[in-house]
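Welcome! Below is a short tour of one structure, told through its side chains. Have a look at it before reading on.

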Amino acid sequence: MTNDPVVHLWVLTATALVFAMQLGFCLLEVGFVRAKNSINVAIKNVMDFCIAGFLFWLFGYALMFGPSWLGLIGVGGFMPDHLDAPTPLVFILFQIMFCGTATTIVSGAVAERMGYGSYIVVSALLSAVIYPIFGHWAWGSMAGPQSQGWLSALGFIDFAGSTVVHSVGGWLSLAAVLVIGPRTGRFDPGVRALGSNNLTMAASGVLVLWFGWLGFNGGSVLGDLDKAPGVLLNTVVAGCAGGLSGHFLSVLMEPKPRVEHFLNGILGGLVGITACALVVSTGSAALIGAVAGIIVIAGGVLLDRLKIDDAVGAVPVHLFAGIWGTLCVALFGDVALFGTGLTRWQQLGVQVTGILACGAFTFTSGYLLLRLINHVFPLRIDVEAERLGLNVAEHGATSPMLDLAAEMERHRKEGKFDRPVHVEPQSDVELIAAQYNRVIDRVTSEIQRHSLLLEELGKAKVEAENSNLAKSQFLATMSHELRTPLNAVIGFSQLIADQAYGPIDQHYVEHARDIHDGGKHLLALVNDVLDFSRLEAGKFQLNEQPLDMARVLRGVHRLMLPLAESGSMGLVLEAGTDLPALHADERAIRQILINLVGNAVKFTPAGGRVKLIATLEPDRRLCLSVIDTGIGMDPALVSKALEPFTQLEGGLAKGHGGSGLGLSLVNALVRLHDGTLVIQTSPGKGTSVHIRFPIARTIERAAEQDRRVG
């Protein structure tokens with residue numbers, strides 16, 4: 001490097017621009033991580049530069065640019081001093097900034113779960129050992145031929161550090177995230193991402209990085225100032241192309257394009273052009289940047305599928321795009337500008353060698369050392385500290401936002417909303433805290449109102465239960481009291497109608513029969529009321545036993561046939577021969593069938609037909625059906641017909657007496673047997689009622705259960 005003051009001024013300006021990249025990384029990473037870790041990430045970005053700058057001055061520069069030992073490591077020039085430095089100080093300052101950039105890459109990848117002390121160890125490892133040694137291999141010759149490393153001797157080209165800076169940082173980032181593992185909950189089912197603190201801040205960080213990259217790439221021309229404009233143009237174009245390709249790929253992948261994809265696409269384009277900005281055309285730079293943007297997004301998807309947690313996408317941006325950019329030297333570069341005397345394919349072979357050497361040395365040494373350190377000094381914080389956030393857990397640092405979040409978290413955990421949160425005047429969370437307190441006030445008033453309502457409902461429930469019990473007891477008592485005289489009325493009226501006491505006038509016979517029929521109807525009503533009161537009170541006990549359903553169905557058919565014939569209609573029984581026995585209460589099953597057949601006969605005009613059908617369905621459920629060709633009803637009235645003591649209005653009810661309990665009793669008795677009741681009906685087209693009993697109530701299932709018990 002010459003002693004031209006203009007050159008020195010340019011490199012010093014570039015040095016300042018590269019230093020500004022530390023601010024860019026800080027803003028980017030703080031914006032990408034969650035708020036509870038933002039202070040920790042910011043402090044790490046400041047600390048790693050202090051570590052990198054000091055250690056690189058102390059001995060890193062000597063390892064990288066000192067006289068070479070076997071092309072492997074530098075061995076001179078420790079702690080360079082401005083009073084007697086043989087190398088221009090501007091070059092030393094410029095290289096310190098590059099070391100700081102390589103070191104800070106790791107910060108974003110391991111964010112939110114690596115301890116502060118652990119990160120200091122990782123930063124020291126990278127800046128003091130790994131970066132200087134690989135840097136010597138590739139860039140040692142910048143300090144003179146006596147410092148040339150073995151990769152440089154092969155003809156390896158990495159203009160501004162796609163591999164030396166970015167891939168080195170990317171490889172160590174990959175090793176670190178593999179050692180410490182993903183953040184808690186990161187790859188739980190249904191979790192897509194853990195959220196970002198401030199994407200506006202992240203976008204600002206990308207712009208600052210882009211600005212600093214002009215010094216990163218432009219300053220790397222060192223004394224060849226006439227080449228700087230072309231390098232800067234390629235850098236800007238590649239960044240633009242990377243951002244656009246990342247954005248459009250995100251549009252294709254996501255319902256709404258993600259800001260992170262766009263921002264990382266820009267950085268990928270900048271990393272990709274860094275190795276080859278001096279030897280490629282601007283058109284090639286655009287293509288290189290565009291492909292790099294795609295590689296970054298695809299690389300992020302790959303890491304997610306492999307469940308490798310990189311908090312900010314550092315590995316895809318710096319490693320994957322860095323590898324791509326290093327290959328592009330040979331793929332798109334002007335052979336005449338290589339200055340190595342190699343053909344394009346020979347140059348490609350050397351570039352691949354450099355990439356593999358970087359990966360083998362940086363990843364392997366980094367991974368093994370980190371594993372060793374992790375056994376002695378755990379790199380990762382514990383789960384509770386991770387939940388709390390590194391701002392508090394690692395630094396005891398707080399802010400109005402964190403204080404507010406902590407108070408809100410206490411509300412959530414304790415479930416107590418009787419005290420407001422503190423409102424910090426003139427802070428950035430004053431409005432949020434004040435609004436939250438308004439919500440708390442409303443929640444408190446609603447809780448009190450609901451407590452009063454629940455208390456009133458509790459009282460009403462007790463009153464309703466007492467009332468229901470009194471009603472059931474009254475109905476049961478009255479039913480028993482009415483049945484004895486009703487049976488007497490029915491018996492005496494039958495004797496009178498049969499002229500058992502001697503001949504009487506025919507008109508009296510008809511009156512006696514009317515009294516007899518009315519008494520029977522009233523007795524049926526009383527029996528229904530008694531059964532319903534028992535069901536409602538939960539006192540209806542099933543006397544379950546295996547039933548021969550064919551016998552039960554024939555009995556109901558014989559009983560109801562005279563009623564059907566008196567109405568001039570047919571009553572048909574259709575029952576299969578393979579019906580299984582049913583575990584049920586025979587009286588209840590007969591009551592169900594009698595009620596359904598009685599209703600069907602009642603609402604079917606003369607000349608119609610009623611069918612009583614029993615079938616065994618393919619799934620082994622027993623189905624009992626009563627189908628009529630009667631007057632039917634509006635399907636919307638079915639639910640009302642199932643309510644107790646309900647008489648349907650309109651032509652359906654005219655001329656047909658009833659207690660209004662028939663279908664209600666049927667429905668209750670079916671449910672008591674774990675069955676289902678389905679009613680299909682249509683005005684003028686009749687009604688079909690289907691009752692299905694579960695297979696658990698067939699005799700086969702019951703026998704199986706008996707065998708298991710035995």
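Leaving out residues up to four places away in sequence, Trp-139 touches Met-64, Phe-65, Gln-95, Phe-98, Tyr-131, Asp-158, Phe-159, Ala-160, Gly-161, Val-164 and Val-165. Contact here means heavy atoms within 4.5 Å. Please keep in mind that this is a predicted model, where local features need pLDDT of at least 70, side-chain atom pairs count only at pLDDT 80 or more, and totals for chains, interfaces and linings use all residues. Residues are numbered from 1 along each chain as its sequence is written, and side-chain values use heavy atoms, with hydrogens and water left out.

Trp-139 also has a place in the largest nonpolar core, which has 109 residues. Tyr-131, Phe-134, Trp-139 and Leu-370 are the residues with the most contacts inside this core. Helix α3 gives the core its largest share, 12 residues. Another core, of 38 residues, lies apart from it, with Val-552, Leu-582, Val-597 and Met-633 among its members. A nonpolar core is a set of buried Ala, Val, Leu, Ile, Met, Phe, Trp, Tyr and Cys residues joined through side-chain atoms within 4.5 Å. Buried means under 20% relative accessible area, exposed over 50%, and partly exposed in between (1.4 Å probe, protein chains only).

Now to the rings. The structure holds 17 aromatic pairs, and two of them are shown here:

| Pair | Type | Centre to centre | Between the planes |
|---|---|---|---|
| Tyr-61 and Phe-91 | edge-to-face | 6.5 Å | 75° |
| Trp-137 and Trp-150 | tilted | 5.5 Å | 55° |

Rings of Phe, Tyr and Trp (its six-membered ring) pair if their centres lie within 6.5 Å; planes under 30 degrees apart count as stacked, over 60 as edge-to-face and the rest as tilted.

Tyr-61 sits in helix α2 (residues 38–65) and Phe-91 in helix α3 (residues 89–109), so this pair links distant parts of the chain, 30 residues apart. Both Tyr-61 and Phe-91 are buried. They belong to one aromatic cluster together with Phe-56, Phe-65 and Tyr-131.

Trp-137 counts as buried because its relative accessibility is 10%, while Trp-150, at 29%, counts as partly exposed.

What about the surface? Leu-495, Ile-496, Tyr-501, Ile-504 and Tyr-508 make a nonpolar surface patch of about 510 Å². Patches are made of residues with over 30% relative accessible area and no salt bridge, with nonpolar side chains joined within 5 Å and like charges within 9 Å. Tyr-501 counts as exposed because its relative accessibility is 63%.

Conventions:
Accessible areas come from the Shrake-Rupley method with a 1.4 Å probe; for residues, only the protein chains shown count as cover. A salt bridge is a side-chain nitrogen of Lys or Arg within 4 Å of a carboxyl oxygen of Asp or Glu. Helices (H or I, at least four residues) and strands (E, at least two) are DSSP runs, numbered from the N terminus.
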